[in-house]
Amino acid sequence: MARVVYVNGSYRRHGEAHVHVEDRGFQFADAVYEVIEVSSRQLVDATRHLDRLRRSLGELSICEPMSRPAMLHVIGEVVRRNRVTDGLVYMQVSRGATRRDFPYTDKALTPTFVCLARPVSPAIRKAKAQRGLRIVSLPDIRWGRCDIKTVMLLPAVLAKEQALAAGADEAWLVDTDGFVTEGASSNAWIVNADGQLQTRALSPALLAGVTRHTTLDVAAAIGLEVVLQPFTIADAYVSREAFATSASGAVMPIVELDGNAIGSGRPGPVAQALGKSFHKYAQHQDCP
Ligand code: PMP
């Protein structure tokens, strides 16, 4: 079956869809994106993802490409046309295309909007959660506005490559004070030595993960104590458990950090309980 993508007003075959060579997303990474999970043909936490997309656009003064109902309609169409039952929707909005020049305020630009969807096997995801992730720690070399979900992802690309080369799945990024900011593409958590869930408070240093938010809802609902405080790699070594959250993996237990086993070296009970309950507390909505 041919894959279909939405780009600037039309649905095109994946291989034939294109954007302008002078798109500012291409030339300046002047663009933001979102990834939404599709589970049993339903969108997971779409409201929070679209709220964050709106915020990212607002922080960069990029126009919203269309109304929210229109965007949900496009998402629904892309999911349907690609027959995705379980998988991911990717959306990207750039400031638009124009003759290459750094400033943008003097131009009336039409944002570029692209939407893709692809299936992800729930069995593979489950197997990954049962095995647990291996993590390496790396310096956080990103910019000062990691709260905006931009496509300026080169530091994350390099971190992932380094992680993979070391036989790991993900990198935890460490700030200049020695605290973990987040993963290259996930938020970072531990169950600390006191048994509390610990994750860094929101700030411009990290992305306000939608899965992080819903995981905090789950923790409150099942009565887990949470502390919003940064932790070091040394704290993580002595933690009972560690895990990562993201729309593409929900709650993923971590079993190894820089070659050292975390806790028992197997997926921990708290991470597993949060993972099991996650979809019960996340918002599910039909594709319109
Ligand atoms: N931090 C970073 C840097 C990410 O790229 C992601 C995933 N896009 C996350 C955190 C997790 O965010 P979410 O739960 O909204 O997918």
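Partly exposed means a relative accessible area between the buried range (under 20%) and the exposed range (over 50%). Keep that in mind for the first of these close-ups of a predicted model.

**View 1. A nonpolar patch sits on the surface.** Four residues make it up: Leu153, Leu154, Val157 and Leu158. Together they have about 350 Å² of accessible area. Look for Leu158 in helix 5, which covers residues 154–165. Leu158 has a relative accessible area of 46%, so it counts as partly exposed.

**View 2. Here is the largest pocket, with about 1,200 Å³ of space.** Its lining takes in 50 residues, and Lys160, Ser185, Ser186, Ser246 and Ser248 are the ones nearest the centre. Helix 5 turns up again here: it gives the most to this lining, with four residues. Sorted by class, the lining has 26 nonpolar, twelve polar and twelve charged residues.

**View 3. Now for the largest cavity, holding about 80 Å³ of space.** The structure has two cavities of 30 Å³ or more. Among the residues lining the largest cavity are Leu50, Arg54, Glu64 and Met71. The lining splits into six nonpolar, one polar and three charged residues.

**View 4. The second largest cavity has a volume of about 40 Å³.** Around it you'll find Glu37, Val44, Asp45, His49, Val210, Thr211, Ala247 and Phe278. By class, that makes four nonpolar, two polar and two charged residues.

Terms used
Residues are numbered from 1 along each chain as its sequence is written. This is a predicted model: local features need pLDDT of at least 70, side-chain atom pairs count only at pLDDT 80 or more; totals for chains, interfaces and linings use all residues. Side-chain values use heavy atoms; hydrogens and water are left out. Patches are made of residues with over 30% relative accessible area and no salt bridge: like charges are joined within 9 Å, nonpolar side chains (Val, Leu, Ile, Met, Phe, Trp, Tyr) within 5 Å. Accessible areas come from the Shrake-Rupley method with a 1.4 Å probe; for residues, only the protein chains shown count as cover. A salt bridge is a side-chain nitrogen of Lys or Arg within 4 Å of a carboxyl oxygen of Asp or Glu. Helices (H or I, at least four residues) and strands (E, at least two) are DSSP runs, numbered from the N terminus. Buried means under 20% relative accessible area, exposed over 50%, partly exposed in between (1.4 Å probe, protein chains only). On a 1 Å grid over the protein atoms alone, a cavity is a set of points where a 1.4 Å probe fits but cannot get out, and a pocket is an open set with protein on both sides within 12 Å along at least five of seven lines; lining residues have an atom within 4 Å of a point. Grid points are joined across faces, edges and corners, and a volume is the space filled by probe spheres set on the points. Ala, Val, Leu, Ile, Met, Phe, Trp, Tyr, Cys and Pro count as nonpolar, Asp, Glu, Lys and Arg as charged, and the others, Gly among them, as polar.
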